[in-house]
Amino acid sequence: MRKINKPWGYEIVWAETKDYVGKLLHINAGHRLSKQYHEKKEETVYVLNGILYNYDENDNVEKFHPQQAFHVKPHQIHRFGAGEGDVEIVEVSTPHLDDVVRLEDDYKR
């Protein structure tokens with residue numbers, strides 16, 4: 001396992017094989033990830049704690065509560081975030097960890 005600190009919180013990679021990756025993402029209150037899409041990567045997230053905000057390509061927001069899941073297909077624009085409270089999600093995905101096309105980013109990455 002490895003922990004990777006991010007400007008929005010952190011992620012823990014708890015499983016990594018040639019076929020799949022498992023992560024725990026912790027998003028600090030009031031923060032969000034990049035608006036992004038993936039060329040190949042496919043992922044499904046499951047909300048453990050908090051309310052996950054997902055912004056689409058038009059910045060419309062959909063909220064996911066604990067015990068809800070959300071599937072992201074290749075080329076689907078998405079942006080995860082946290083509102084007033086921290087959010088923890090589990091993500092399982094294909095192993096394409098570097099496949100991130102950032103469209104917008106609050107941290108100028």
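**Reading a predicted model**

Analyst: Let us begin with a loop: Pro7 is found in the loop between S1 and strand S2 (9-16). Please bear in mind that this is a predicted model.

User: Is Pro7 buried, exposed or partly exposed?

Analyst: Burial is read from relative accessibility, with buried under 20% and exposed over 50%. Pro7 has 39%, so it counts as partly exposed.

User: Which residues is Pro7 in contact with, leaving aside its neighbours within four places in sequence?

Analyst: Those residues are His31, Tyr107 and Arg109.

User: How many bridges join S5 to S8?

Analyst: Strand S5 (residues 43-49) is joined to S8 by 4 bridges, and the two run antiparallel. Glu43, for instance, has Val72 as its bridge partner in S8.

User: Which residues touch the most other members of the largest nonpolar core?

Analyst: The general idea is that in soluble globular proteins, nonpolar side chains tend to be buried together. Here the largest nonpolar core has 14 residues, and Ile27, Leu52, Phe80 and Ile89 touch the most other members. At least two residues of this core come from each of strand S3 (21-27), S5, S8, strand S9 (79-82) and strand S10 (87-93). Beyond its neighbours within four places in sequence, Leu52 has contacts including Ile27, Val45, Phe64, Phe80 and Ile89.

User: How many aromatic pairs does the structure hold?

Analyst: A pair of aromatic rings is described by the distance of the centres and the angle of the planes. The structure holds 3 aromatic pairs. One of them, Tyr53 with Tyr55, is tilted, at 6.4 Å centre to centre and 45° between the planes. Phe64 and Phe70 also form a tilted pair, at 4.9 Å and 50°. Both of these Phe residues, Phe64 and Phe70, are buried, and together with Phe80 they form one aromatic cluster.

User: Where does the charged end of Lys3 sit?

Analyst: The charged end of Lys3 sits over the ring of Tyr10, 4.3 Å from the ring centre. Arg32 lies over the face of Tyr55, at 5.6 Å from the ring centre.

Conventions
Residues are numbered from 1 along each chain as its sequence is written. This is a predicted model: local features need pLDDT of at least 70, side-chain atom pairs count only at pLDDT 80 or more; totals for chains, interfaces and linings use all residues. Side-chain values use heavy atoms; hydrogens and water are left out. Two strands pair if DSSP finds at least two bridges between them. Buried means under 20% relative accessible area, exposed over 50%, partly exposed in between (1.4 Å probe, protein chains only). Contact means heavy atoms within 4.5 Å. A nonpolar core is a set of buried Ala, Val, Leu, Ile, Met, Phe, Trp, Tyr and Cys residues joined through side-chain atoms within 4.5 Å. Rings of Phe, Tyr and Trp (its six-membered ring) pair if their centres lie within 6.5 Å; planes under 30 degrees apart count as stacked, over 60 as edge-to-face and the rest as tilted. A charge sits over a ring if NZ of Lys or CZ of Arg is within 6 Å of the ring centre and within 35 degrees of the ring normal.
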